[in-house]
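Hi everyone, thanks for coming along. Today I would like to walk you through one protein model, so please have the picture open while I talk.

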Amino acid sequence: MADSTVLEPGDYASTLMELKERVRSARFSIRRRVNTEMIELYWSIGATILARTSWGNAVVGKLAKDLRAEFPSMKGFSRSNLFYMRAFAQAWPELGANLQQKVQHAAGLLPWGHLMVILDKLETHDDRNWYAERAAEFGWSRNVLLNQIMNRTRERVGASPSNFDARLGPAGSDLASQLSKDPFVFDFLDLTHVVAERELEQALTDRIVDTLRELGAGYAFVGRQVHFDVGGDDFSLDLLFFHVEQLRYVVVELKTGRFQPEFAGQLGFYVALVDDRLRRPSHAASVGILVCGGRNDQTVRYALSGTTAPMAVSTYTYEALPAAEQAALPDVRQLLDALGGVGGELRPGAKTTTKAQERGRAPLPEPRGAS
């Protein structure tokens with residue numbers, strides 16, 4: 001009986017890896033091409049319907065029925081989907097010329113489900129383009145895209161008061177401003193009320209994937225409580241990140257209270273340390289982001305004018321709802337009264353609980369000393 005064992009040539013493993021990668025790349029390219037062609041088809045159907053201004057809802061419904069009868073294996077010809085196609089063509093009229101000239105447009109690169117979310121949740125052309133471009137650039141899933149929209153990411157990016165323009169110049173300031181938001185929304189931590197700074201820091205580290213998503217694309221986590229020895233004096237900065245696209249360190253300091261001018265001096269000191277000890281010649285200038293519980297913008301402006309380190313001051317919240325919707329909701333006291341049982345006093349500085357605990361689905365944690 002012949003030996004079925006095949007001796008592998010020395011270059012077999014590397015060749016196999018190369019072929020596997022080639023197959024994966026081809027499969028991805030095919031899927032992307034199929035998606036692009038489908039988006040082109042949907043846009044053209046939508047543009048055709050849009051041009052028939054005399055067509056009412058009943059006619060569009062009949063068109064959906066007839067298309068499904070002709071193409072029973074295709075799932076995209078429901079009545080509601082045809083209305084999405086019409087809205088798609090109306091939202092991006094420029095896409096038709098781009099498709100004809102084979103010019104890439106962000107909306108033409110996204111899956112149809114992403115475009116439906118954008119059409120549903122956003123009203124203006126600028127907003128739709130902004131989210132479409134970032135979803136295409138950073139590969140956001142549909143759930144991540146929806147989260148970014150609901151958290152009003154575009155409104156918050158670059159909204160923090162900073163001294164970036166004075167310290168980094170116009171070009172550097174534009175880039176650095178993309179690193180900060182105001183406020184940061186930490187609703188994924190499921191916390192309410194006041195927490196100690198170390199507890200907030202620990203919670204953000206424990207949920208580092210969500211933290212990085214909220215900070216924005218390009219952030220890489222370097223460390224927590226990063227230690228420096230300065231001539232025998234010990235210093236530890238709260239959180240250190242590296243932005244892989246801008247090639248710069250980002251120092252994040254957490255303050256649960258209201259902004260105080262001395263916070264800027266402390267953060268500037270840490271930024272100078274990182275610049276001196278960690279920054280390489282190829283890196284851009286390190287920046288600092290102070291995340292605090294509240295601020296007076298005039299106080300911030302004076303404090304930042306007196307420091308040479310580039311930094312921004314942001315606030316944070318646990319609530320993702322817009323301010324108007326938050327204002328419409330009853331407060332905790334009203335809810336407790338309505339439920340017929342008023343609990344203990346809620347006071348500033350009280351031990352924090354999770355939202356689930358406040359709803360009565362989990363016991364309160366045992367008190368522990370501040371770290």
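**Inside the model**

The largest cavity has a volume of about 60 Å³. By cavity I mean a set of points, on a 1 Å grid over the protein atoms alone, where a 1.4 Å probe fits but cannot get out. Points are joined across faces, edges and corners, and the volume is the space filled by probe spheres set on them.

Before going on: this is a predicted model, where local features need pLDDT of at least 70 and side-chain atom pairs count only at pLDDT 80 or more, while totals for chains, interfaces and linings use all residues. Residues are numbered from 1 along each chain as its sequence is written, and side-chain values use heavy atoms, leaving out hydrogens and water.

Which residues line the largest cavity? They are F184, F186, L204, T211, L215, L239, F241, V252, L254 and V291, where lining means having an atom within 4 Å of a point. Two or more of these residues come from each of α12 (208–215), β3 (233–243) and β4 (248–258). Helices here are DSSP runs of H or I with at least four residues, strands are E runs of at least two, and both are numbered from the N terminus. The lining has nine nonpolar residues, one polar and no charged. Nonpolar covers Ala, Val, Leu, Ile, Met, Phe, Trp, Tyr, Cys and Pro; charged covers Asp, Glu, Lys and Arg; the others, Gly among them, are polar.

Let's stay with helix α12, where D210 is found. Is D210 buried or exposed? D210 is buried, because its relative accessible area is 19%, and buried means under 20%, exposed over 50% and partly exposed in between, with a 1.4 Å probe and protein chains only. The D210 side chain also makes a polar contact with the side chain of R213, at 3.1 Å. A polar contact is a pair of N or O atoms within 3.5 Å; within protein, one must be able to donate a hydrogen and the other to accept it, and residues adjacent in sequence count only if both atoms are side-chain atoms.

Now for two other helices. Helix α6 (residues 112–121) has seven of its ten residues buried, so it is largely enclosed by the rest of the structure; W112 and H114 are among them. In α13, the buried residues include F263, L267 and Y270.

Key
On a 1 Å grid over the protein atoms alone, a cavity is a set of points where a 1.4 Å probe fits but cannot get out, and a pocket is an open set with protein on both sides within 12 Å along at least five of seven lines; lining residues have an atom within 4 Å of a point.
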